[in-house]
Amino acid sequence: MTTTSEEEIKAVHGVLTDPRPLDFQTLGLAGCIDRLATPLRGQGTRLHWETPHHGVEIDARSASLLYRAAQETLSNTYKYAHATDVTIRLDAVYHGIRLVISDNGTGFDCKKAVRGRRHGFGLRLMCAAVTGAGGSSVVDSNPGTGTKVTITLPLD
């Protein structure tokens, strides 16, 4: 028997989709992001959560942007990384909130992804959206070393 989240969170062409409305009030940002990890768990990937600060109030716009960044990152992990371990860290930082997703997967050449026409488009859009919101994004990866994506948004 499958659970509701397993039935509702789907990987369609490698993109993690969640047809339910985002409910940041009830589930919190971490709960909404955790739902996205269901397909990864289904393929045997171990998920580790680190949320050292609780109770940080995040406006809906920032929460939505962090959720979409997690969706892009976890979709890429699902499609390409072949990772056995993924760590998701959601943390309050000075005047902001930071989301870090790292995996032990195959990694990739960041320079090619930034310049490529066929690959990296989702990452480029994600980074542009974060920059447009006054935040910063760092994608750190090399072939064979896994990937770490860091998104920081201001909360002021």
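In what order do the elements of the protein chain run from the N terminus on? I read them off as α-β-β-α-α-β-α-β-β-α-α-β-β.

**Entry 1: the model and its overall make-up**

I noted that this is a predicted model, in which local features need pLDDT of at least 70, side-chain atom pairs count only at pLDDT 80 or more, and totals for chains, interfaces and linings use all residues. Residues are numbered from 1 along each chain as its sequence is written, and side-chain values use heavy atoms, with hydrogens and water left out.

I counted six helices and seven strands in the protein chain. Helices (H or I, at least four residues) and strands (E, at least two) are DSSP runs, numbered from the N terminus. I then looked up burial: 40% of the 156 residues in the protein chain are buried. Buried means under 20% relative accessible area, exposed means over 50%, and partly exposed lies in between (1.4 Å probe, protein chains only). For contacts (heavy atoms within 4.5 Å), I took those in the protein chain with a separation of 6 or more, and 63% of them join residues 24 or more positions apart.

**Entry 2: the sheet**

I traced an open sheet of five strands in the order β3-β4-β5-β7-β6, with mixed pairing. Two strands pair if DSSP finds at least two bridges between them.

I went through the pairs next. β4 and β5 run antiparallel and are joined by eight bridges; in this pair Asp91 stands opposite Arg98 of β5. β5 and β7 also pair in the antiparallel sense, over eight bridges. Val100 has Thr150 of β7 as its bridge partner, and Ile97 stands opposite Leu153 of β7. β6 and β7 pair in the antiparallel sense over six bridges, with Lys148 in β7 as the bridge partner of Asp140.

How many of the residues of β7 are buried? I found six of eight, so β7 is largely enclosed by the rest of the structure. β5 is mostly covered, with six of its eight residues buried.

**Entry 3: positive phi values**

I checked the backbone at the turns. The hairpin of β4 and β5 has two residues between the strands, and His95 takes a positive phi near 60 degrees there. His95 is not a glycine, and it is partly exposed, with a relative accessible area of 39%. The hairpin of β6 and β7 has five residues between the strands, and in it Gly144 has a positive phi near 85 degrees.

His82 sits in the loop between α4 and β4. Its phi is positive, about 55 degrees, although His82 is not a glycine. Is His82 buried or exposed? At 65% relative accessibility, I list His82 as exposed.

**Entry 4: Leu40**

I placed Leu40 in helix α3 (residues 38-42). Its relative accessibility is 0%, so Leu40 counts as buried. Leaving out residues up to four places away in sequence, Leu40 touches Thr45, Leu47, Leu74, Thr77 and Tyr78. I also looked up Thr84, 44 residues from Leu40 along the chain: their C-alpha atoms are separated by 9.1 Å.

**Entry 5: the largest pocket**

The largest pocket holds about 490 Å³ of space. On a 1 Å grid over the protein atoms alone, a pocket is an open set of points where a 1.4 Å probe fits, with protein on both sides within 12 Å along at least five of seven lines; lining residues have an atom within 4 Å of a point. Grid points are joined across faces, edges and corners, and the volume is the space filled by probe spheres set on the points.

I listed 25 lining residues, of which Asn76, Tyr80, Phe108, Gly120 and Leu123 are the closest to the centre of the pocket. The elements that give two or more residues to this lining are α4 (60-81), β5 (96-103), α6 (121-132) and β7 (147-154). α4 gives the most, with seven residues.

I sorted the lining into nine nonpolar, ten polar and six charged residues. Here Ala, Val, Leu, Ile, Met, Phe, Trp, Tyr, Cys and Pro count as nonpolar, Asp, Glu, Lys and Arg as charged, and the others, Gly among them, as polar.
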